[in-house]
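Let's take a walk through this one together.

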Amino acid sequence: MRVVVPYDGSELSKKALQHAADTHEDADIVLLHVLDFVEAGYDASPEAALPGYWQEWYEEAEEGAEELLAKAADLVDADLETEIVVGRPASEIVEFAEETDADAIVMGSHGRKGVSRILLGSVAETVVRRATVPVTVVR
């Protein structure tokens, strides 16, 4: 069994990881972090128009994601795979689950901050509606 756990470091994503580890003890658990360039654009300063800004954003975001996922691995007694993708969170989560033949998705009901927190429920709702595998939403 292969379980995808979208992970952003929020308390709910930590609970989702713990739930996945407890519920799917023999599964391959994949922590998925989505770098959301759209949300980054909302937070961007005028420098976003300068050449090289988005490359620098990506490198910093990827480094932060790697650190976040490394810390998450210490939260549970399970071997975890980690993946980082770029795009719109709901779409990337669903696509990743399909492309990697996941059997389930376990995710928190809300994101960490900013636009994703306001809209979410919307990310979780969209994943629930579009996923072709069972989705467990942890509150």
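Which residues have the most contacts inside the largest nonpolar core? Keep in mind that we're looking at a predicted model. In that core of 18 residues, the ones to pick out are Leu-32, Ile-93, Ile-105, Met-107 and Val-127. As for where the core comes from, strand 2, helix 4 (89-99), strand 4 and helix 6 (122-130) are the elements that give two or more residues to it. Helix 4 supplies the largest share, with five residues. In soluble globular proteins, nonpolar side chains tend to be buried together.

If you skip its neighbours within four places in sequence, Ile-93 is in contact with Pro-6, Leu-32, Val-34, Ile-105, Met-107, Val-123 and Val-127. Apart from this core there's another one, made of 17 residues, and Ala-16, Ala-20, Ala-104 and Val-138 are among them.

Five strands make up an open sheet with parallel pairing, and the order to trace across it is 3-2-1-4-5. What happens at the edges? Strand 3 (80-86) and strand 5 (135-138) stand there with a single partner strand each, so one side of each is left without a neighbour in the sheet. Going from strand to neighbouring strand, the turn is 25° on average, direction ignored.

Zoom in on strand 1 (residues 2-6) and strand 2 (residues 28-35), and you'll find them paired in the parallel sense over five bridges. Pro-6 has Leu-32 of strand 2 as its bridge partner. Both Pro-6 and Leu-32 are also on the contact list of Ile-93.

Helix 1 (residues 11-23) touches strand 1, strand 2, strand 3, strand 4 (104-108) and strand 5, and its direction makes about 145° with that of strand 4. Helix 3 (residues 53-73) touches strand 2 and strand 3, with its direction at about 150° to that of strand 2.

Last stop: the loop between strand 1 and helix 1, where you'll find Asp-8. Is Asp-8 buried or exposed? Its relative accessibility is 17%, and the cut-off for buried is under 20%, so Asp-8 counts as buried.

Methods:
Residues numbered from 1 in each chain as written. Predicted model: local features only at pLDDT ≥ 70, side-chain atom pairs only at ≥ 80, totals over all residues. Heavy atoms only, no water. Pairing = 2+ DSSP bridges. Helix = DSSP H or I, 4+ residues; strand = E, 2+ residues; numbered from the N terminus. Axes fitted to C-alpha atoms, helices over the stretch in contact; angles between N-to-C directions. Contact = heavy atoms within 4.5 Å. Core = buried A, V, L, I, M, F, W, Y, C linked by side-chain atoms within 4.5 Å. Buried < 20%, exposed > 50% of the residue type's maximum accessible area, 1.4 Å probe, protein only.
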